[in-house]
Amino acid sequence: MEVLEHINEAIYPRSSIEDIASFKCSGVLNAIKGMYDACKPGGTLFMTTPNGASAECMRLGFFGYTPIAWHLHVREYGWQNILTMLKEAGWIIQRFETIACYMKFKSQAEIDQIIRIKQIMGPTNPHTNSTTFVIAQKP
């Protein structure tokens, strides 16, 4: 699955303005729960999605830009958000990691900024690669 970053909120006819204005991940959580419901017991989910906690997103935020690495995405989720939503939907995490799939640095200066950010962050966020990769199983 590679669509979570394109899903909007689930808005219903009776949604309050507070529901619409506060991003509760309802669209993504509904999609994850729908995948769970569609999968047979023992079935496996393979998921990749941009890592909203990546070093690139941190770099953008530090320099005053919206911390979304890909401008066409509705939202990019941090790896903790993804794991939390999968567990909430009932999935059992079999494998998780962040991998360096998409890097779009324009200069050595940007690469140096990323290296510095990783040094500053240290072990508090060991998963700073661009893409979250998860294998989960339905019990």
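Modeller: Buried means under 20% relative accessible area. Keep in mind that this is a predicted model.

Biologist: Fine. Is serine 54 buried or exposed, then?

Modeller: The relative accessible area of serine 54 is 3%, under the 20% cut-off, so serine 54 counts as buried.

Biologist: Where is serine 54 placed?

Modeller: In the loop between E1 and helix H3, which covers residues 55-62.

Biologist: And what is serine 54 in contact with, leaving aside neighbours within four places in sequence?

Modeller: Thr128, Asn129 and Ser130.

Biologist: Switching to the sheet. What is the strand order?

Modeller: The order is E1-E3-E2, in an open sheet of 3 strands with antiparallel pairing. On average, neighbouring strands are turned by 15° against each other, ignoring direction.

Biologist: How many bridges join E1 to E3?

Modeller: 7, and the two strands run antiparallel. E2 and E3 are likewise antiparallel, with 7 bridges joining them.

Biologist: Which residues stand opposite each other there? One example per pairing will do.

Modeller: Threonine 44 stands opposite glutamine 137 in E3. For the other pairing, isoleucine 93 is opposite alanine 136 in E3.

Biologist: How many residues of E3 are buried?

Modeller: 6 of its 7, so E3 is mostly covered by the under 20% criterion.

Biologist: Now helix H4. Which of its residues are buried?

Modeller: H4 spans residues 79-89, and its buried residues are Trp79, Ile82, Leu83, Met85, Leu86 and Ala89. Viewed down the axis of H4, these buried residues fall within an arc of 165°, so they line one face of the helix.

Biologist: What follows H4?

Modeller: Glycine 90, with a positive phi near 110°.

Biologist: One last general point. Where do side chains go in a regular strand?

Modeller: They alternate between the two faces of the sheet.

Notes: Residues are numbered from 1 along each chain as its sequence is written. This is a predicted model: local features need pLDDT of at least 70, side-chain atom pairs count only at pLDDT 80 or more; totals for chains, interfaces and linings use all residues. Side-chain values use heavy atoms; hydrogens and water are left out. Buried means under 20% relative accessible area, exposed over 50%, partly exposed in between (1.4 Å probe, protein chains only). Helices (H or I, at least four residues) and strands (E, at least two) are DSSP runs, numbered from the N terminus. The arc is that of the directions from the helix axis to the C-beta atoms. Two strands pair if DSSP finds at least two bridges between them. Contact means heavy atoms within 4.5 Å. Axes are lines fitted to C-alpha atoms, for helices over the stretch in contact, and angles run from 0 to 180 degrees between N-to-C directions.
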